[in-house]
Amino acid sequence: MNKQAKELLKLLISEVRKAGVKQADKILGPASRRAAISGNQEFVIEVIKAYPHVLWLSDESDGLTIFHLAVKYRQERIFNLLYQMGTHKHFLTAVHDKSDNNMLHLAGELRPSNRISYAAFEMQRELQWFKEVEKVVQPSYKEEKNKEGKTPREVFTEKHKDLFERGEKWMKKTAISCATVAALVLTVVFAAAFTVPGGNSDKGIPIYLSQKSFMSYAISDVLALFCSITSLLIFLGMITSRYAEEDFFKALPMRLIAGLITLCFSIGFMLGVFGDAFLLELSHKVQWIAALIAAVICITNLFVPMRFPLLGEIVYSTFGPSIFGKQSEEMVF
């Protein structure tokens with residue numbers, strides 16, 4: 001069906017072109033703009049190949065071309081076609097709309113997304129768009145002013161003020177919650193260092209010191225203590241840090257990733273401390289207790305990261321494959 005649809009589209013474009021330039025502009029221009037707004041890349045490619053003049057057509061009301069609409073409506077599949085335009089992309093990005101906005105001004109406007117769960121990630125995606133468009137426009141456009149006398153960065157700051165505040169509030173709330181958990185883990189493992197299983201001899205030496213499980217208990221406790229302290233310090237730093245727009249691009253997400261990872265490890269090592277203590281106390285009486293404890297700890301350690309879908313989302317958003325770039329070596333125009 002997709003192949004047939006493409007063939008039908010080619011035939012329609014061919015018939016439209018026979019009607020003359022004015023008729024082709026009148027039909028293919030609005031159709032291509034609607035396709036750009038909805039992210040229909042295949043439609044746009046076929047129209048450009050058959051009728052390249054459509055690239056320069058703009059709406060009479062706002063003066064926006066296909067690629068300007070792609071930026072405004074955050075359609076990366078259409079925007080990425082710029083990288084398959086060769087040297088023509090420098091001319092396509094030089095177009096201004098009727099308010100003297102260049103492409104970077106449009107990237108500075110806010111476009112709410114239903115695909116992103118949290119305000120902080122939405123702010124990060126908006127910054128990714130702004131920086132990507134910044135790469136393709138002329139350097140002088142960064143300081144160029146529109147009819148309202150505003151530069152692209154000023155437009156970005158003004159339009160994203162509410163999103164920035166919501167992102168900051170969410171980051172601090174998340175950091176406070178995680179810092180509380182890290183502090184609780186720290187309290188438990190700190191106490192475990194001085195209340196060893198079986199107690200101490202008259203000389204203060206742990207009774208189970210010669211047992212292999214005791215060394216595992218001690219190592220797990222030290223690692224849990226280190227990870228919980230590290231996590232706590234990271235989250236405290238996030239709570240008290242200076243929040244700026246640029247921080248949402250890399251700095252804050254990386255801190256949150258580091259804090260969540262160390263928190264997961266601290267919980268895992270804390271469970272190891274519990275398992276080793278239980279093993280030292282009961283293994284000599286109940287032989288199968290070791291297998292039970294190992295199974296419970298493994299299942300719980302697998303369950304802990306699964307309860308942090310936030311971690312996977314922010315890692316993918318920060319370090320995952322970019323949504324921008326050349327999607328094919330084929331030159332569209």
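How much space lies in the largest pocket? In this predicted model, the largest pocket holds about 270 Å³ of space. Its lining consists of 15 residues, and those closest to its centre are Gln128, Phe249, Ser317, Ser322 and Phe324. Two elements, α8 (119–136) and α14 (309–319), each contribute two or more residues to this lining. The largest share comes from α8, which supplies five residues. When the lining is sorted by class, five residues are nonpolar, five are polar and five are charged. The lining also draws on two domains, with at least three residues from domain 1 (3–161) and at least three from domain 2 (172–319).

The overall architecture of the protein chain was examined next. The chain contains 14 helices and zero strands. Of the 333 residues in the protein chain, 44% are buried. Among contacts with a separation of 6 or more, 76% are accounted for by residues 24 or more positions apart. The accessible surface of the protein chain comes to about 18100 Å², and carbon and sulfur atoms make up 61% of that surface.

Helix α8, already noted for its share of the pocket lining, also contains Ala119. Ala119 has a relative accessible area of 11% and is therefore classed as buried, since the limit for a buried residue is under 20%. Leaving aside residues up to four places away in sequence, Ala119 touches Leu163, Arg166 and Gly167. A further pairing involves Glu165, which stands 46 residues from Ala119 along the chain. The C-alpha atoms of Ala119 and Glu165 are separated by 8.9 Å.

Ser32 is part of helix α2, which spans residues 21–38. With a relative accessible area of 1%, Ser32 is buried. When residues up to four places away in sequence are not counted, the contacts of Ser32 are Phe43, Val44, Val47, Val54 and Ile66. The distance from Ser32 to Leu55, taken from C-alpha to C-alpha, is 9.1 Å, and the two residues are 23 residues apart in sequence.

Arg74 is a residue other than glycine with a positive phi, near 55°. It is placed in the loop between α4 (66–72) and α5 (76–79). Although Arg74 belongs to a loop, its relative accessibility is 6%, so Arg74 counts as buried. Asp100 likewise is not a glycine, and its phi is positive at about 60°. The position of Asp100 is in the loop between α6 (88–92) and α7 (103–108). At 36% relative accessibility, Asp100 counts as partly exposed, because this class covers values between the 20% limit for buried residues and the 50% limit for exposed ones.

In summary, the predicted model describes a protein chain of 14 helices and zero strands. Its largest pocket is lined by residues that include at least three from each of domain 1 and domain 2. Of the residues treated individually, Ser32 is buried in the model, as is Ala119. Arg74 also counts as buried, whereas Asp100 counts as partly exposed.

Technical notes. Residues are numbered from 1 along each chain as its sequence is written. This is a predicted model: local features need pLDDT of at least 70, side-chain atom pairs count only at pLDDT 80 or more; totals for chains, interfaces and linings use all residues. Side-chain values use heavy atoms; hydrogens and water are left out. Helices (H or I, at least four residues) and strands (E, at least two) are DSSP runs, numbered from the N terminus. Buried means under 20% relative accessible area, exposed over 50%, partly exposed in between (1.4 Å probe, protein chains only). Contact means heavy atoms within 4.5 Å. Accessible areas come from the Shrake-Rupley method with a 1.4 Å probe; for residues, only the protein chains shown count as cover. On a 1 Å grid over the protein atoms alone, a cavity is a set of points where a 1.4 Å probe fits but cannot get out, and a pocket is an open set with protein on both sides within 12 Å along at least five of seven lines; lining residues have an atom within 4 Å of a point. Grid points are joined across faces, edges and corners, and a volume is the space filled by probe spheres set on the points. Ala, Val, Leu, Ile, Met, Phe, Trp, Tyr, Cys and Pro count as nonpolar, Asp, Glu, Lys and Arg as charged, and the others, Gly among them, as polar. Domain bounds come from an automatic or database domain assignment.
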